[in-house]
Amino acid sequence: MAMKIEIKDATKYIRKALILNHVSVSLQSGKIYGLQGPNGSGKTMLLRLISGLIKPTSGHVLIDDKELGIDMDFPPSMGILIEAPAFIDAYTGLRNLELLADIKQVIQKDQIIQTLQKIGLDPNDRRKYYKYSLGMKQRLGIAAAIMEQPALLLLDEPTNALDEVGVALICNIILKEKERGALIVIASHDGLFLRSLADELYYVTEGKVEKRNVCEEES
Amino acid sequence: MNYKLLQHDFRTGLLRKRYLWLPLLFIIPCYISSRITTALGMPGTWLDYLCFFFFGCEPIYLNSLDKVILPVQWLSLVGGLLLVNLDYLLYDLDNAGQQIIVRSASRTQWFISKCMWNIASTMVYFIEMAVVAWFFCVIKGGESTLTQISEVSVGTYNVAEITLQDGGKLAFAAILMPFFTLAAASLLQMALCIFIPPVFSFFFVFMIMELSVLLPFPVLMGNAAMAIRSGILHPGFMNVGMEILANTVVMVGSIVMGAIGFRRKDIIKWRE
């Protein structure tokens with residue numbers, strides 16, 4: 001379960017635009033890392049870099065001392081919610097999660113149902129995904145990320161479209177995931193939300209990542 | 001091979017609404033075909049109808065350009081298939097596929113699964129074509145056989161070497177070779193989508209097919225998808241062995257090029 005991620009001097013250009021600028025960060029299990037910054041600062045790209053969805057132009061991403069993109073294509077145990085959640089429109093939430101779980105086959109249907117209940121969705125809801133409200137879609141996206149109890153959890157703006165009750169629920173779930181020992185990275189423009197959860201806070205601006213003291217931020 | 005990935009691609013990729021529109025594309029060639037059967041005063045067989053789709057056009061020689069008549073039906077069928085298979089790979093990456101790929105743990109397996117889907121999708125295209133042809137054949141009172149041709153095909157192809165016993169030969173030239181060629185062209189288009197925007201990859205492959213109409217060389221893959229140019233039906237025309245080799249090279253090359261390209265590809269929204 002324990003996982004260590006090291007990003008070493010990673011730089012990323014996309015079509016000549018500098019997206020990540022010499023980023024070096026070290027992350028480990030059992031902690032929540034917050035990425036704060038304005039829109040377009042590079043938070044989502046940093047999550048994509050950690051997830052293996054994009055590759056650094058220079059520098060390295062090491063997962064337990066193995067290089068991402070060379071020794072492995074993706075971190076072995078990972079749940080992601082990057083940007084908007086996306087599922088198959090014609091299926092129910094439960095069916096969508098079943099299909100995803102079927103790829104790795106590490107959990108059973110009852111665990112999927114439990115996850116849905118935990119996230120505040122009705123497993124017996126017969127509505128198709130396209131009929132879901134934005135908040136329900138977001139909850140389903142988080143359910144997909146956490147259902148397999150991954151060692152690494154990457155959440156991009158997890159509170160999008162959620163009401164206050166939903167935000168409180170998600171905070172609670174994220175803290176439980178931390179207790180379980182997951183390494184959690186959350187990107188959000190909402191500083192208050194991040195400060196309430198994160199053990200370490202990073203400020204991302206124009207592709208540069210700076211560590212901030214959570215207590216200093218609070219004061 | 002990860003069969004779960006294949007299941008996902010077949011489930012999401014083959015159940016798209018665009019397949020429902022395809023029969024409209026096939027109705028026109030079938031209608032023309034039925035007019036021919038009526039004019040000849042005999043019902044064609046199912047194979048007759050099928051062999052009419054990828055008839056193509058006889059080789060065009062540059063010294064007789066004044067007689068050029070482009071095979072509009074053939075170009076429409078080729079373009080139709082390319083459009084059907086155009087954007088699924090990128091569409092899936094923008095949607096549920098992103099969750100699938102991180103769980104699959106392998107970019108190569110994910111891409112190979114897309115290649116399998118691509119060939120399956122081409123197969124669905126041909127199956128729909130066969131179903132529409134069967135309906136027309138039945139309506140016109142023809143025989144539902146895939147082994148026998150009638151005087152209709154002999155008249156349509158107007159090639160001395162074709163006899164009523166040559167159903168298999170004609171099926172190879174007019175169905176199997178177009179299927180093989182279009183599967184290769186569609187794979188090439190999908191592999192190119194990894195490097196360039198889908199609309200450019202479509203036009204690139206479609207231009208090759210158009211060029212094939214004008215230049216009768218076996219290496220230009222479109223020639224193999226025009227039954228009338230097949231060396232099997234007309235020994236003086238295209239060398240079938242060369243055509244199979246050229247298509248195999250395109251097919252394997254596209255899979256290898258795509259798999260290598262996809263290993264390096266950044267998975268972001270393709271419009272970003």
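**View 1. Chain B, helix by helix.** Chain B has eleven helices and zero strands, where helices (H or I, at least four residues) and strands (E, at least two) are DSSP runs numbered from the N terminus. Going along the sequence, the pattern reads α-α-α-α-α-α-α-α-α-α-α. This is a predicted model, with local features needing pLDDT of at least 70 and side-chain atom pairs counting only at pLDDT 80 or more, while totals for chains, interfaces and linings use all residues. Residues are numbered from 1 along each chain as its sequence is written, and chains are lettered from A and ligands numbered from 1 in the order in which they are written.

View 2. The C-alpha atoms sit in a box of roughly 60 × 45 × 30 Å along the principal axes. Of the 272 residues in chain B, 45% are buried, meaning 20 or more other C-beta atoms, placed from the backbone, lie within 10 Å of the residue's own. Among contacts (C-beta atoms, placed from the backbone, within 7 Å) with a separation of 6 or more, 77% join residues 24 or more positions apart.

**View 3. Where chain A meets chain B.** Chain A puts 20 residues into the contact and chain B puts in 18. On the chain A side, α1 (43-51), β6 (78-81) and α2 (93-104) each supply at least two residues. The top contributor there is α2(A), with five residues.

**View 4. Residue classes on the chain A side.** The side of chain A that touches chain B has 14 nonpolar, one polar and five charged residues. Here Ala, Val, Leu, Ile, Met, Phe, Trp, Tyr, Cys and Pro count as nonpolar, Asp, Glu, Lys and Arg as charged, and the others, Gly among them, as polar.

Key. Buried ≥ 20, exposed ≤ 12 C-beta atoms within 10 Å, placed from the backbone. Contact = placed C-beta atoms within 7 Å.
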